[in-house]
Amino acid sequence: MVADSTLARPLAGTAAGVPYLAIPPAHHVESAPMIVGLHAFEPPRSEAALAGTLPMAALTAWRFYLGLPLFGARLPEGGVAEVNRLGQSDYLIELYGPVIEQAAAELARAVAELRATFPVADGPIGLMGVGAGGAAALLALAENRLPIGAMGVVNPIVAPAPVLAARERRLGVTYRWTAQSRDVATWLDFTARSGDLTRQTPRPPLLIVTGGQDEVIRPDRGEALYRALAPHHHAQTLRHIVIPDLAHTMGPEPGLEPGPPTPGSVLADRALTEWFHLHLTSGAETTFRFG
């Protein structure tokens with residue numbers, strides 16, 4: 001376990017090969033719940049950038065911001081430009097699909113090592129993801145990769161097709177669908193997989209946050225996921241909110257460090273903080289407060 005003297009500052013390290021930035025609880029407790037966050041392909045696209053953009057600082061919880069494969073501390077030589085090059089031949093098959101699959105698969109091992117290192121409470125974790133990190137979080141839930149006590153996703157990639165369409169608009173290059181890519185797109189379409197997302201018992205409370213300015217995953221995509229899941233949830237364990245000023249990209253390029261707070265990101269952070277307090281940390285030993 002880490003010593004108490006480390007609790008005043010963030011800690012960077014690697015757990016089961018996954019880089020992380022660990023933020024201690026807002027108030028000292030003997031053990032606190034753990035919340036694991038996964039960043040996006042777009043800003044915030046690193047552990048540090050996500051920690052600064054969505055710090056959930058008022059929570060009495062350990063927050064662990066993990067780096068996705070090929071991003072953050074695992075950027076290949078050549079940086080973001082090299083990642084973009086990897087996706088040029090077939091974005092879905094060569095880049096997006098493999099990263100999401102690996103990120104979901106390595107979560108359980110990373111969480112187990114973090115538990116052995118930090119004074120975290122026993123029990124299911126909180127899981128949070130942004131953009132592609134939200135897709136990896138949803139995949140982990142759909143495939144029952146680890147016990148989850150509560151979840152929150154912001155601008156999650158609920159299906160790859162809108163991302164590929166956005167790339168077509170931005171780059172002017174038509175994506176060429178194949179039988180393989182259609183299979184991958186179906187596998188990562190979480191609205192279509194709503195039954196898989198509700199198999200875990202008990203079902204973890206899920207907050208879906210979408211941005212009114214998100215040009216990739218528009219709010220109606222979040223609403224469709226919500227409606228698909230609603231028959232399997234109690235009203236208090238499922239929520240979809242739209243933040244009008246929130247865009248898909250939550251910070252400036254290159255997205256490796258947090259940008260200045262924006263009204264949209266501040267509201268997203270507050271929504272996540274309230275959700276995890278209600279469903280994960282409300283039994284902590286200290287009083288919850290903002291500011």
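1. Pro 254 lies in the loop between β8 and α10; here helices are DSSP runs of H or I with at least four residues, strands are runs of E with at least two, and both are numbered from the N terminus. The peptide bond that joins Glu 253 and Pro 254 is cis, with omega about 0 degrees. A cis bond also leads from Thr 201 to Pro 202, where omega is near -5 degrees. Pro 202 belongs to the loop between α8 (194-197) and β7 (206-213).

2. Some remarks on the basis of these values are in order. The model is predicted, and local features need pLDDT of at least 70, side-chain atom pairs count only at pLDDT 80 or more, and totals for chains, interfaces and linings use all residues. Residues are numbered from 1 along each chain as its sequence is written, and side-chain values use heavy atoms, with hydrogens and water left out.

3. Most residues other than glycine have a negative phi, and most peptide bonds are trans. Ala 16 has a positive phi, near 55 degrees, and is not a glycine. This residue sits in the loop between β1 (11-15) and β2 (18-23). With a relative accessibility of 32%, Ala 16 counts as partly exposed (buried means under 20% relative accessible area, exposed over 50%, and partly exposed in between, with a 1.4 Å probe and protein chains only). Asn 155, also not a glycine, has a positive phi of about 45 degrees. Its place is in the loop between β6 (148-154) and α6. Asn 155 is buried, as its relative accessible area is 0%.

4. Helix α6 has twelve residues, which at 1.5 Å a residue should span 16 Å; the C-alpha atoms at its ends are 16 Å apart, in agreement. The expected span is 1.5 Å times one less than the number of residues in the helix. Pro 160, Pro 162, Val 163, Leu 164, Ala 166 and Arg 167 are the buried residues of α6. These buried residues pack against α3, α7 (179-187) and α9 (219-229), where contact means heavy atoms within 4.5 Å. After α6 comes Gly 172, with a positive phi near 70 degrees.

5. Rolling a probe the size of a water molecule over the atoms shows where empty space is left. On a 1 Å grid over the protein atoms alone, a cavity is a set of points where a 1.4 Å probe fits but cannot get out, whereas a pocket is an open set with protein on both sides within 12 Å along at least five of seven lines; lining residues have an atom within 4 Å of a point. Grid points are joined across faces, edges and corners, and a volume is the space filled by probe spheres set on the points.

6. The largest pocket has a volume of about 760 Å³. Its lining consists of 39 residues, and Tyr 91, Val 163, Arg 167, Arg 170 and Leu 171 lie nearest its centre. Two or more lining residues come from each of α2 (79-86), α3 (91-105) and α6 (160-171). The largest share, eight residues, belongs to α6. By class, the lining has 20 nonpolar, nine polar and ten charged residues (Ala, Val, Leu, Ile, Met, Phe, Trp, Tyr, Cys and Pro count as nonpolar, Asp, Glu, Lys and Arg as charged, and the others, Gly among them, as polar).

7. The second largest pocket holds about 190 Å³ of space. It is lined by 17 residues, and Thr 53, Pro 260, Pro 261, Thr 262 and Ser 265 are the closest to its centre. The elements that each give two or more residues to this lining are α1 (47-53), β8 (238-247) and α10 (263-281).

8. The structure holds one cavity of 30 Å³ or more. The lining of the largest cavity includes Val 18, Leu 38, Leu 66 and Arg 74, and divides into six nonpolar residues, one polar and two charged.

9. The largest nonpolar core has 65 residues, of which Phe 64, Leu 66 and Tyr 96 touch the most other members. Such a core is a set of buried Ala, Val, Leu, Ile, Met, Phe, Trp, Tyr and Cys residues joined through side-chain atoms within 4.5 Å. Apart from this core lies another, of 27 residues, including Leu 54 and Tyr 65.

10. Val 83 lies in helix α2 and, at 2% relative accessibility, counts as buried. Its C-alpha atom is separated by 7.0 Å from that of Leu 70, 13 residues apart along the chain.
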